[in-house]
Amino acid sequence: MNRIIKKVAVLGSGVMGSRIACHFAGIGIQTLLLDIAPSALTETEMAKKLSLEHPAVRNRIVNESLAAAIRSNPSPVYTKEVAARIRTGNFTDNLKDIAGCDWVIEVVVERLDIKQQLFTEVEKYRRPGTLITSNTSGIPIHLMAEGRSEDFKQHFCGTHFFNPPRYLRLLEIIPTPHTSPEVTDFLLHYGDLYLGKTTVLCKDTPAFIANRIGVFSIMAIFRLQEQLGLTIDEVESLAGPLIGRPKSAIFRTADVVGIDTLVKVANGVAANCPDDEQKDVFTIPAWLGKLVANNWLGDKTGQGFFKKIKGAAGEKEILTLDLRTMEYGPRQRPKFASVEAAKAVDDLKTRLKTLAKGADKAGEFLRRLHYALFSYASLRIPEISDELYRIDDAMMAGFGWEIGVFESWDVLGVDTMTGQLKEAGFKVAPWVEEMLAAGFKTFYKVDNGKRMYYDIASKRYKPLPGGEAFLVMKNFEGQTVWKNSACHLYHLGDEVLGLEWNTKMGTIGGEVLEGIQRSIGMAEERYKGLVIANDAPNFSAGANVGLIFMLAIEQDYDELDMAVRQFQNTMMRARYSAVPVVVAPHGLTLGGACELSLHADRVVPAAESYIGLVELGVGLIPGGGGTKEFALRAGDEMHDGEPETITLKNRFFTVATAKVSTSAYEAFELGILKKDRDIVSINQSRRIAEAKSSVIEIYNDGYTMPLPRKDVKVLGRSALGALYSGIHAMWRGQYATDHDVVVAKKLAFVMCGGDLSEPALVSEQYLLDLEREAFLSLCGEKRTLERIQSVLKGGKPVRN
C-alpha cells in the first residue's frame, strides 16, 4: 500500500497536542487540531453577551492553547507562517472532520477511561485504513485498543513524542500484538524521513525505553547523592556536559519537566514492574515526597530544586535547595581535582576515560553511576528491547545524551567495566558475559565506513539500520585521505570527499582554512566534489576571535591583514572551485561558518540550524566575504519598479542587527539560504548523506566552475544617505550605542560600494578589498576589543 499523509488530526490541544500540531504544520502537512468545547463562559464572554453556542466560545480552549504554543519560547514552529496550515475545532462539532484525515493522533489527558471514551467516538467517523495512534507516555498501548474493531486495532499504535516535539528528536513507536507490521514499518520510516525523528521501536512495557532508562538514571543519582553526601550543585557539575549530558543535568531537568511528572513515572515503574531487580531504586525518597507535598514542582510552580529571585540590586539570582534543611541558598561552584584535570580534555570519550580514574568523590560518583547504568540497561534486554542500539538511540534522542549507555561502556572498556561492576556488587546480563567469552570485546565497531552493532539473537555483528542514509564522518577514519591537527579529510565513497574539523565550538582558524583549501585542491585532482560537515553538537561558532584579539592587541596589522585575506581567499576558493562544494551545517552556524555557507555551491542544513552573521555584536563587520556576498545578493535582487534601496536596506539590517535564523527555514527569509539552490534536511542524521548525493547530482549534471563576478550592482551615495539615516534613527531610539553606529556606518559604506557618486557595476574583489579595509580599521577600535574580550571570557558582548 502506498500510504501518503496529506492531512493529520491531533485530538487534544494541551502542551503536547498543540506543539505536535505545530510540528506537522511545519513540515507542510494540513493539520486539524481539536479539543473539548467549554462548559462555561468566561467573564469577558459574558460581557460581550456571547452564548456557549457562539463559534468563538466553542473553540476558545483550542484557540487559546494554539496561540500560547506559538508565542512560547523556544518556538514550536520553524516560521510563523506555518500556523496557517492548522485548522482548529472542537470534539462536538468537528470530530466528524477526521474522516478526511490520513492519521489521527490522540493527545488527551493521561487517563485510560477518557482515552477509551474518545476512541469510541473516533470509530464513528474514522475512515477505515487510516492510522490512529496515541501519544501516551505510560498507559499500556494494548489496553487502549481493547473493544475496538479489527481495522482500528490493525492501524493502532503508540507514537510517543518527547516535549518539545520540534527539538527533542525521539519518537518511540509502540505497536500492540494486533498492529499491522506495515503500519509499524510505515511509522518508523515516516517519523525518520518526514518528521526528522530518531524513531525507536519499543515494546509495550512500562515507560517504554527512554523514560525507563532515563528515570532509573535520575533515581540512581538521587541515591548516590545521599550515599556520598553530595549537594545539588555538586551533582549538577558532574552529571551534565562534563559527561556528555545536557546542561540542565539532573535537578534542573527535573524542574523543567516537573517534579510531579518525574515522581509519577517512577511510581508507575515501581508499581508495574514487580520483577525489576532494581525496583527499590524507583522508591521516592522522603525529601522528594516533601517537595511534591509543598507543591515545589519546578518551573510550573516557580520553585523546585532551584528558585529564581531578584537580588538587592534587582538582578536575577538563582538559589539552590539544600536537601538536608529544605532551605534555599546561593548557588555554589564546586571544585573536584579530577574534574579540573578532565575539563582540559575536549574530546568526550577521552574525558570519560580520564574521569573514570578519578580518586576523589567525583570519580567515585561517576564510577558508581556507570556501574548502575550499565547493569540496569543490560538487564533490560530483551524486556524493553531486543537490540542494544535502540536503547542508546532512545537516550541520545530523548534525553539529549551525546553518547549512549552501551557506547559509553565501549569507551570505558567492556571487559574492564564488567569486572569492576561485578566486584562492586552489581549484576550483569548473561548475554554480555557470553559476548565477551565468544571473543567479542565491544558492543559497536566500524567496518569499512559502516557502523555495526552486536546482535544478541544471532551472536554476531550486524550493520546499524539506515545504511547509506546515515553517514557519520568519523566512521570513515579508515579512509582518511589527509589530515592536520584540526582537520580530517575522508573518502566517503563514490568519489566524494568529506571534510570535518575538531576545534573547540568548531571555530575556524588557520589550520581549518588550510584544511578547506587542501580539501578542495585534492577533490579537484581526482574526485567528484567535497562535503563539509561534522558530527559535533554544533557546526561552527565562526572565526577564531581569540586570534583576532591577540593580533589586534599586539597591533600586528600585517599579520591581521594576512589572516583576513586568507579567510576571504578560502571562501572564494569554495565558491570558485572546479568541483562542487556542498556544506551541511547544523546547530550553531555563525559568522565565518555562515560565510562558508554563503559561498558553497549548495547548502544542506539540518532544520535545526541557527545561521547568521553575528560579527556586529563584537564590533566588527563580516570580514570573510559575508559583507561582499550580502551586497552582491542585494544587487541581484533589485527589480524594476521597486525602490532599489528597499532591497539593500533589508539586507543591510539583517547584518547590522546580527540576526540569526531560528531555523534553516527562516534562513531563507533572511536571504542566507537560496530557495533555488539549498535543501533542508528535516532529519539532522541524514544531512551528510544528502549532501553527498547533492555533490554527485551537481557533478553529473555537468558542473562548470563559475567565473568571479565583475557585474555587482552597488548604489553608492544614492543609498548611503538612506542607510545612514536608518542608523541614526536606531541610535535615537536607543536601539544602537555610539559604537554600534560606528560599526554600522562601516558596514553601510562597504555594502553601498563606497563613496561612489552614482550607481555602478563593480567586481567581487573590489568589495572584498573594501570589506577587509573596514574590518581592519575596526580591529583598532578600543570598544571593539572590549567586546571581543568580554566574549572570550565567556560572557555576552558589552554594550559600549
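The legends below describe an overview and several close-up views of one predicted model.

In this predicted model, local features need pLDDT of at least 70 and side-chain atom pairs count only at pLDDT 80 or more, while totals for chains, interfaces and linings use all residues. Residues are numbered from 1 along each chain as its sequence is written, and side-chain values use heavy atoms, with hydrogens and water left out.

**Figure 1. Overview of the chain, with 33 helices and 24 strands.** Helices (H or I, at least four residues) and strands (E, at least two) are DSSP runs, numbered from the N terminus. The radius of gyration is 28 Å, close to the 28 Å that the globule rule gives for 800 residues, so the chain is as compact as a globular protein of that length. This radius is taken over C-alpha atoms, and the globule rule is 2.2 Å times the number of residues to the power 0.38. The C-alpha trace spans about 80 × 70 × 65 Å along its principal axes. Among the 800 residues, 54% count as buried. Buried means under 20% relative accessible area, exposed over 50%, and partly exposed in between (1.4 Å probe, protein chains only).

**Figure 2. Strand 1 (residues 7-11) and its parallel partners, strand 2 and strand 4.** Four of the five residues of strand 1 are buried, so this strand is largely enclosed by the rest of the structure. Strand 1 and strand 2 (residues 30-35) run parallel and are joined by five bridges; two strands pair if DSSP finds at least two bridges between them. Val8 has Thr31 of strand 2 as its bridge partner. From strand 1 the chain passes through helix 1 (residues 15-26) to strand 2 in a right-handed β-α-β crossover. Right-handed here means that, with the strands pointing away from the viewer, the path from the first strand over the helix to the second runs clockwise. Strand 1 also pairs in the parallel sense with strand 4 (residues 103-106), over four bridges. In that pairing Val10 stands opposite Ile105.

**Figure 3. An open antiparallel sheet of three strands, in the order 12-13-14.** Strand 12 (444-447) and strand 14 (460-463) stand at the edges with a single partner strand each, so one side of each is left without a neighbour in the sheet. Neighbouring strands are turned by 40 degrees against each other on average, direction ignored; the axes are lines fitted to C-alpha atoms, for helices over the stretch in contact, and angles run from 0 to 180 degrees between N-to-C directions. Four bridges join strand 12 to strand 13, and in this pairing Asp447 has Lys450 as its bridge partner. The hairpin of strand 12 and strand 13 has two residues between the strands, and Asn448 takes a positive phi near 55 degrees there. Strand 13 (residues 450-455) pairs with strand 14 over four bridges, where Tyr454 is the partner of Tyr461.

**Figure 4. The largest nonpolar core, of 117 residues.** A nonpolar core is a set of buried Ala, Val, Leu, Ile, Met, Phe, Trp, Tyr and Cys residues joined through side-chain atoms within 4.5 Å. Phe305, Phe406 and Trp431 touch the most other members. Helix 10 (residues 210-228) gives the most to this core, with eleven residues. Apart from it lies another core, of 85 residues, which includes Tyr78, Leu632, Ile682 and Leu770.

**Figure 5. The salt bridge of Lys203 and Asp386.** The structure holds 51 salt bridges, each a side-chain nitrogen of Lys or Arg within 4 Å of a carboxyl oxygen of Asp or Glu. In the pair shown, the closest N and O atoms are 2.8 Å apart. Lys203 lies in the loop between strand 8 (198-201) and helix 10, and Asp386 in the loop between helix 17 (361-379) and helix 18 (388-399), so the pair ties together parts that are 183 residues apart in sequence. Lys203 is partly exposed at 30% relative accessibility, and Asp386 is partly exposed at 39%.

**Figure 6. Salt bridges of Asp561 with Arg565 and of Glu629 with Lys628.** Asp561 and Arg565 are four residues apart in helix 24 (residues 557-575), separated by about one helical turn. Their closest N and O atoms are 2.7 Å apart. Asp561 is buried, with a relative accessible area of 19%, whereas Arg565 is partly exposed at 37%. The side chains of Glu629 and Lys628 meet at 2.9 Å, N to O. Glu629 is buried at 5% relative accessible area, and Lys628 is buried at 0%.
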